[in-house]
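Hello,

Here is the structure we talked about. My notes on its aromatic rings follow below.

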Amino acid sequence: DMFTLFSKITLIVILAIVTRTISSNVLIAQVVNVNVNATDVPVFTAIENVSKTFLSLTMSATMRSDGGFPVTERGFCYNTTGKPTVSDNKVVTKGTKTSIYTMTIVNLNENTKYYVRAYATNTKGTTYFGENVYTTDKAVDYLAVFSNINNTAKGATFLAMSATITSDKNFKITERGFCWGTSPQPTIRDNKKKAREDGIGRYTATCEGLKPITKYYVRAYAVNEAGVSYFGESTYSSGLEMVMVEGGTFLMGNNGEGEADFDELPVHQVTVNSYYIGTYECTQKLWNSVMGSNPSNTVGDDLPVENVSWNAVNEFISKLNMQTNGRYRLPTEAEWEYAARGGNKSKKFKYSGSNTAENIAWFTNNSDGHSHSIGTKAPNELGIYDMSGNVWEFCSDWYAPTYYSDSPSENPKGPAPTSTVVTRGGSWSTFITGCHVYLRDNKLPNAKFNNVGFRLAVPLDN
């Protein structure tokens with residue numbers, strides 16, 4: 001009859017529209033082949049997007065019929081332009097039976113519109129189904145998520161950092177750490193330190209090779225397939241080179257270690273909390289960088305600053321803290337003596353680090369009448385230099401000769417204000433006895449001397 005004759009006519013391309021109504025939806029299929037009856041090709045009833053990311057689309061399709069001929073291939077084809085075919089891009093499923101099948105199209109571009117069609121091929125031809133359009137997500141939505149960043153410790157050349165990653169957005173983190181620089185918004189192209197392990201959770205790493213007393217911008221970072229996620233814009237200042245002094249209890253005063261002056265008695269038990277103290281006396285270089293001038297009598301970047309008053313030192317500390325967001329201060333007299341004696345590593349030396357002054361101190365016998373570069377003598381038990389000799393060092397305490405009689409036993413901070421302030425340690429112009437760790441001296445708070453300087457301290461919780 002005429003219908004049979006028409007259906008068997010040889011054509012280069014036959015386009016057949018198969019219209020079916022399912023749940024009030026009109027589904028359209030395109031058939032491509034020669035010598036084919038429209039009922040001989042596979043038939044689809046549904047296609048949908050199951051999920052998507054910034055680089056993938058997971059698709060599902062339902063093939064209801066194989067048209068009476070074995071299906072040799074099925075899957076999805078896609079492109080950034082309409083009506084994609086298998087000659088554009090395709091993903092092929094393993095199964096060939098009539099069923100629902102699901103596949104993921106990968107390696108797509110982020111935030112890009114894609115046209116997707118289901119297809120199936122049997123011995124009679126290829127059917128394309130649907131003309132669905134999907135836009136992949138933005139990669140930024142899949143970057144790792146952080147909850148915090150913290151500075152756990154710092155020194156002259158390092159900042160120890162910690163951060164916590166709460167989510168990897170289902171894309172494995174392959175690298176995490178911290179990046180830093182002296183300008184805002186540092187990236188991993190500036191400076192970075194990778195943490196030892198990958199993944200989510202808390203991690204730590206140390207930013208190293210920093211310049212002392214310099215402001216740094218620090219950000220946590222994590223790398224996954226979506227890119228690099230940065231967190232925080234925290235500003236920290238590297239510190240001075242300091243020694244952590246573990247708190248403890250000691251006998252303060254002249255404990256029969258030499259002829260005692262009345263202000264060194266009575267010997268009394270004192271407990272101090274842990275703190276940091278400068279490895280070296282404050283240098284002229286540091287003073288000049290903060291104050292913009294150098295008042296010292298003997299000049300040199302690595303020489304201890306001198307010819308400064310106690311009042312001027314406190315002004316310097318205030319400016320230093322403003323510039324670095326620090327908590328620097330002068331040590332208390334008790335902290336100074338505990339550190340000079342070697343803290344909990346003390347070997348009971350009468351000078352700071354030795355019973356032989358020449359090993360650890362610049363004083364009248366060896367100074368040639370001037371101060372010397374910091375750290376050129378041996379350190380004491382804690383690794384602190386020049387606590388005996390070189391320059392006297394201001395403490396934060398006011399001076400009272402009878403203070404030891406009623407000093408608190410825990411973290412004493414000195415008497416109420418008097419007319420003078422405490423200095424400790426002796427200097428290049430001091431006789432050997434002036435370098436004893438217990439010896440006390442005092443100066444007017446506004447007086448300047450070419451043999452008096454200071455070193456800094458920081459609370460342990462800084």
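**Aromatic rings and charges**

Lys443 lies over the face of Trp392, 5.2 Å from the ring centre. A charge counts as over a ring if NZ of Lys or CZ of Arg is within 6 Å of the ring centre and within 35 degrees of the ring normal. Arg219 does likewise with Tyr230: its charged end sits over that ring, 4.2 Å from the centre.

This is a predicted model, where local features need pLDDT of at least 70, side-chain atom pairs need pLDDT 80 or more, and totals for chains, interfaces and linings use all residues. Numbering runs from 1 along each chain as its sequence is written, and side-chain values use heavy atoms, without hydrogens or water.

Next, the ring pairs. The structure holds 14 aromatic pairs. Rings of Phe, Tyr and Trp (its six-membered ring) pair if their centres lie within 6.5 Å; planes under 30 degrees apart are stacked, over 60 edge-to-face, the rest tilted.

Tyr142 and Phe171 are edge-to-face, at 5.6 Å centre to centre and 85° between planes. They are 29 residues apart. Tyr142 is in the loop between strands S10 (125-135) and S11 (145-154). Phe171 is in the loop between strands S12 (158-167) and S13 (175-181). Strands are DSSP runs of E, at least two residues; helices are runs of H or I, at least four; both are numbered from the N terminus.

Tyr142 is buried, at 14% relative accessible area. Phe171 is buried too, at 11%. Buried means under 20%, exposed over 50%, partly exposed in between (1.4 Å probe, protein chains only). Ring pairs also join Phe54 with Tyr142 and Phe171 in a cluster.

Best wishes
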